[in-house]
Amino acid sequence: MTKRMVVPPAAAFLVVALYLVAESFGFRGLAAVEPGTVSEAAAMGHAARALQLIAQGQNPNEAQRIAPGILDANEYTLRPLEAAVVGRHIELVRLLQRSGAAKFDMARAICLARARLPEALPDLNAPSTDASDSPMEIAAAIERCR
Amino acid sequence: MHNNLGLRYHRLAYVYASAVAVIMGTLLLGIPVQLSDSFTEFTAMHGRGLWEVISAEFYNGAYFRPFRRALIKIVYDLSGGHYYIAFRGFQALELLLLLVLVVRMLRVRTAAALAAVPLGLAVLVGMHTFAGAVREGLPINHFLTILICCAGAVNLAQAKRTWLIDVAAVALLVAAMMTIESGLLVWAIFAAAYIVGYRGVSRGALIALTACVAIYFAGRFVIIGGAAPGLNERSAGFGFAVLNPDELVRRFGSNPLPFYAYNIVSAVACVLFAEPRGGVWMFVREVATGRPEPWQIVNVITSVLTTAVMLRFAASRIPKWKARDFDDADRFVIIFLVVLPLNALFAAAYEKDVIMSPAGLFYAVAAYFAFRALLSGSTVAIAPAVALIIAIGWSIRFVGMQDNLRARALSVQDEWAYYDDWAREQPTDVHLTAEEEVIRQHLYDDAVLRAPRVPQLSLGGIERLFDFTQ
């Protein structure tokens, strides 16, 4: 009985403690993908990380690589605003616009918004007619708006 | 020899509790000062003296919390502008103090008592009512402060009686009830502890404590003229959904008593069965639609089984209770049974899990003693299986709380990133003075630009076992 009641919580504590210690030495075995570009942060909806990377000097208007596993299994190259649209993060679309993401291919952004995030169309000064009722698959949307 | 061994077990329990506090404290230090329910506290502190801050709270309508603001003001002034480290550091220290006080009141003296400590602390930390006491900054979490007062009250009641203990008891009660309303529970804890035989606080002091409570009610409701919170102040859970203030007024405006009764019953059930949550029967709703989340299953099964073990333990002790023959285990179970319904009264206006955190604290302590009894041997055939399920369930909830704190760091950073949206959504326009703008920029930079990125974990679906709803 003692083992049954003591081992699970003690083991849980040890796992958490050891991982925290290992993490302090740089171990990232169980770490989720950390966005390395503004576009990756935008695709994941990590607003603070996006602003952090912009403050560090990354260009919010530049097309950047998005690693496989972030949007889907494929690798993409998108501007931050496009990535936020494809990732379906409407607040982040607006935040990026306020944070200097003003130079983008408007036609492509509108096309992506129609396919993935119609709510963003007014923010792109586009009418919300002909928008998809349900979001299109990511790969298909990007292919269509190439 | 026996005493030395007992002391060693007790010290090991302290070491374990401190290690848990250090782990959680490390994660707490990764969470910036939050924007919601916190930033306005900073602007309210700026340019005002301590007495000014306290006295302004005396006429704050439905809420009477002068010490809460006073504590924020003190830490604010001591921070020297390093708000992030000062406030999160303070919260980490509060957590350490709480766990040390809890272990102190367990009076671990045997191997079996020590063996039950990891599970007891897993219940305390993994309890859904506890999450709000650590996840939220506010910027000082008054629920965590009240938990310390509750644990402090038991420690005083267990101490050797001196006049200093009596004075400390009165000071503790006054501080607690002027921090938030549920601080009044400290009086109930002193009274219950006295009744079950903890006599560190004298009878005279108990009378003085009762007088303090009477003065509180007279002062608050007769002299100051405060009122209970109305239905129109916030949304609240009812049945299977959350009702907005207009809906609440429409349904219960003419007679709110059924709604209050519902909240009280829900609050009690929330502690015992992890359902309903925030007044909403989420698990029942999801089961009815056939889609309960894994974390809901873990929470409900673990809590139901733990409550069953505790109730069975309590039932076996009733003959002893009738003879007024109490040991520590009996005393804590009885204190829990006293605190639970009284705590629920504070959730009458609206049920929120963290309001029940004092009852959650004593639930964990009572469960610890029930586990201890189980470890000493049980004749029930299914006991080993139940023990294993309970231990695994609470271990998952303990680990989930750590992951929850990691997620919280990320959400607070993102909350600050959207400061403009937050300001726009406030019921009144946010106009900051130049000095307040400096504070805002400082907190924003702390959260968005300077805060360390707490690595989020990817556990391949195991996260679905963790409760992130608080």
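Q: At what angle do the axes of helix α17 and helix α18 of chain B cross, and within what distance do they come?
A: In this predicted model, the axes of α17 (residues 328–345) and α18 (residues 357–375) of chain B cross at roughly 155 degrees and come within 8 Å.

Q: Roughly parallel or roughly antiparallel, then?
A: Angles over 145 degrees count as roughly antiparallel, so α17(B) is roughly antiparallel to α18(B).

Q: And is the crossing left-handed or right-handed?
A: The crossing of α17(B) and α18(B) is left-handed.

Q: Which residues of α17(B) and α18(B) meet there?
A: From α17(B) they are B:Asp328, B:Ala329, B:Phe332, B:Val333, B:Ile335, B:Phe336, B:Val339, B:Leu340 and B:Asn343. Their counterparts in α18(B) are B:Pro358, B:Ala359, B:Phe362, B:Tyr363, B:Val365, B:Ala366, B:Phe369, B:Arg372 and B:Ala373.

Q: How do the residues of that contact divide by class?
A: The contact of α17(B) with α18(B) has 15 nonpolar residues, one polar and two charged.

Q: Moving to another pair, how do α9 and α11 of chain B pack?
A: Helix α9 (residues 142–158) and helix α11 (residues 185–195) of chain B pack at about 25 degrees, and their axes are 9 Å apart. The angle is under 35 degrees, and α9(B) and α11(B) are therefore roughly parallel to each other. Their crossing is right-handed.

Q: Which residues make the contact there?
A: On α9(B) they are B:Cys149, B:Cys150, B:Ala153, B:Val154 and B:Ala157. On α11(B) they are B:Leu185, B:Val186, B:Ile189, B:Phe190, B:Ala193 and B:Tyr194.

Q: What classes do the residues of the α9(B) and α11(B) contact fall into?
A: There are 11 nonpolar residues, with no polar and no charged ones.

Q: Stepping back, how many helices and strands does chain B have?
A: Chain B has 21 helices and two strands.

Q: What does the radius of gyration of chain B say about a compact globule?
A: The value for chain B is 22 Å, which agrees with the radius near 23 Å that a compact globule of 470 residues would have. The C-alpha trace of chain B spans about 70 × 55 × 55 Å along its principal axes. Of its 470 residues, 46% count as buried. Among contacts in chain B with a separation of 6 or more, 80% involve residues 24 or more positions apart.

Q: What about chain A: which helices and strands, in what pattern?
A: Chain A has seven helices and two strands, and along the sequence they follow the pattern α-α-α-β-β-α-α-α-α.

Q: How does the radius of gyration of chain A compare with the globule rule?
A: At 20 Å it is well over the 15 Å that the rule gives for 146 residues, so chain A is more spread out than a compact globule. Its C-alpha trace spans about 65 × 35 × 25 Å along the principal axes. In chain A, 42% of the 146 residues count as buried.

Q: How many residues are in contact between the two chains?
A: In chain B 37 residues are in contact with 28 residues of chain A.

Q: Which helices of chain B supply that side?
A: At least two residues each come from α1 (2–28), α7 (117–126), α18, α19 (383–417), α20 (419–425) and α21 (434–450) of chain B. Helix α19(B) gives the most, with 14 residues.

Q: And by class?
A: The side of chain B that touches chain A has 27 nonpolar, six polar and four charged residues.

Terms used. Residues numbered from 1 in each chain as written. Chains lettered and ligands numbered in written order. Predicted model: local features only at pLDDT ≥ 70, side-chain atom pairs only at ≥ 80, totals over all residues. Helix = DSSP H or I, 4+ residues; strand = E, 2+ residues; numbered from the N terminus. Rg over C-alpha atoms; globule rule 2.2 N^0.38 Å. Buried ≥ 20, exposed ≤ 12 C-beta atoms within 10 Å, placed from the backbone. Contact = placed C-beta atoms within 7 Å. Axes fitted to C-alpha atoms, helices over the stretch in contact; angles between N-to-C directions. Parallel < 35°, antiparallel > 145°, perpendicular 65-115°, else oblique. Left-handed = near helix turned anticlockwise from the far one by under 90°. Nonpolar A, V, L, I, M, F, W, Y, C, P; charged D, E, K, R; others polar.
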